[in-house]
Amino acid sequence: MTKRKNTDDLMEELKNKSTDINEYIDENSEDFIEVNLKDFWSKMLDKSKKAKSDIVNNADISYIYFYEITQGKKLPSKDKIIRIMISMELDLEDCQNALRFCNQSILYPRIKRDSVIIYAIEHGLSLYKTQEMLIKAGEPELK
């Protein structure tokens, strides 16, 4: 078993002008992340220990939409992911992973709105309280 390369090493290879993309893919195939969204959401649901109905109600989304997301059939928007993760009462790392795996940008502390959301997640605030803080900061609510 070979040691996996770290992300910085992979990035350096990609930046190298002499790198052939097909060779890169072949040589680094074991270093790629394969994400099964259905499995990921299942793990998050287990970790949260919350009833699906509570998550749906607290996130203020439809059960059908929630089902499609957790079955890996729909990629939610960044705001919907955050609403769900806050409602699941999961940590920032879980939220960042959900954003990455759903092809959304992660929360960045140099962006004021993202800072408010990071604060809310880290302090275990409800969606209602998070929305209130966003409004107070002059930032758009989570849609």
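Thr-130 sits in helix H9, which spans residues 127–136; helices here are DSSP runs of H or I with at least four residues, strands are E runs of at least two, and both are numbered from the N terminus. The model is a predicted one, in which local features need pLDDT of at least 70 and side-chain atom pairs count only at pLDDT 80 or more, while totals for chains, interfaces and linings use all residues. Residues are numbered from 1 along each chain as its sequence is written, and side-chain values use heavy atoms, with hydrogens and water left out.

With a relative accessibility of 0%, Thr-130 counts as buried (buried means under 20% relative accessible area, exposed over 50%, and partly exposed in between, with a 1.4 Å probe and protein chains only). A polar atom of the Thr-130 side chain lies 2.8 Å from the backbone oxygen of Ser-126. This is a polar contact, a pair of N or O atoms within 3.5 Å; within protein, one must be able to donate a hydrogen and the other to accept it, and residues adjacent in sequence count only if both atoms are side-chain atoms. Once neighbours within four places in sequence are set aside, Thr-130 is in contact with Ile-86, Ala-120, Leu-125 and Leu-142, where contact means heavy atoms within 4.5 Å.

Stepping back to the whole chain, the secondary structure comes to nine helices and zero strands. The C-alpha atoms fill a box of roughly 50 × 30 × 25 Å along the principal axes. Of the 143 residues, 34% count as buried. Among contacts with a separation of 6 or more, 53% join residues 24 or more positions apart. The accessible surface of the chain is about 9,500 Å², and 50% of it belongs to carbon and sulfur atoms; areas come from the Shrake-Rupley method with a 1.4 Å probe, and for residues only the protein chains shown count as cover.

Ile-82 touches Cys-95, Leu-99, Leu-107, Ile-117 and Leu-142, not counting residues up to four places away in sequence.

Helix H7 deserves a look of its own. Its buried residues are Leu-92, Asp-94, Cys-95, Gln-96, Ala-98 and Leu-99, and they pack against H3, H6 and H8. At the start of H7, a side-chain oxygen of Asp-91 comes within 3.3 Å of the backbone nitrogen of Glu-93. Just after H7, Asn-103 takes a positive phi of about 60°.

Charged pairs come next. The structure holds nine salt bridges, each a side-chain nitrogen of Lys or Arg within 4 Å of a carboxyl oxygen of Asp or Glu. One of them joins the side chains of Asp-94 and Lys-47, at 2.7 Å from N to O. Asp-94 lies in H7 (residues 92–101) and Lys-47 in H3 (residues 37–48), so this pair ties together parts that are 47 residues apart in sequence. Asp-94 is buried at 7% relative accessible area, whereas Lys-47 is partly exposed at 43%. Another salt bridge links Glu-139 and Lys-112, at 3.8 Å from N to O. Because Glu-139 is in the segment after H9 and Lys-112 in H8 (residues 112–122), this pair ties together parts 27 residues apart in sequence. Lys-112 counts as partly exposed at 47% relative accessibility. The side chains of Glu-13 and Lys-5 also meet in a salt bridge, with 2.5 Å from N to O. Glu-13 is partly exposed at 21%, and Lys-5 is partly exposed at 32%.

On the surface, Met-11, Leu-14, Ile-21, Ile-25 and Phe-32 form a nonpolar patch with about 430 Å² of accessible area together. Patches are made of residues with over 30% relative accessible area and no salt bridge; like charges are joined within 9 Å, and nonpolar side chains (Val, Leu, Ile, Met, Phe, Trp, Tyr) within 5 Å. Helices H1 (7–15) and H2 (21–27) each give two or more residues to the patch. Ile-21 has its place in H2 and is partly exposed, with a relative accessible area of 45%.
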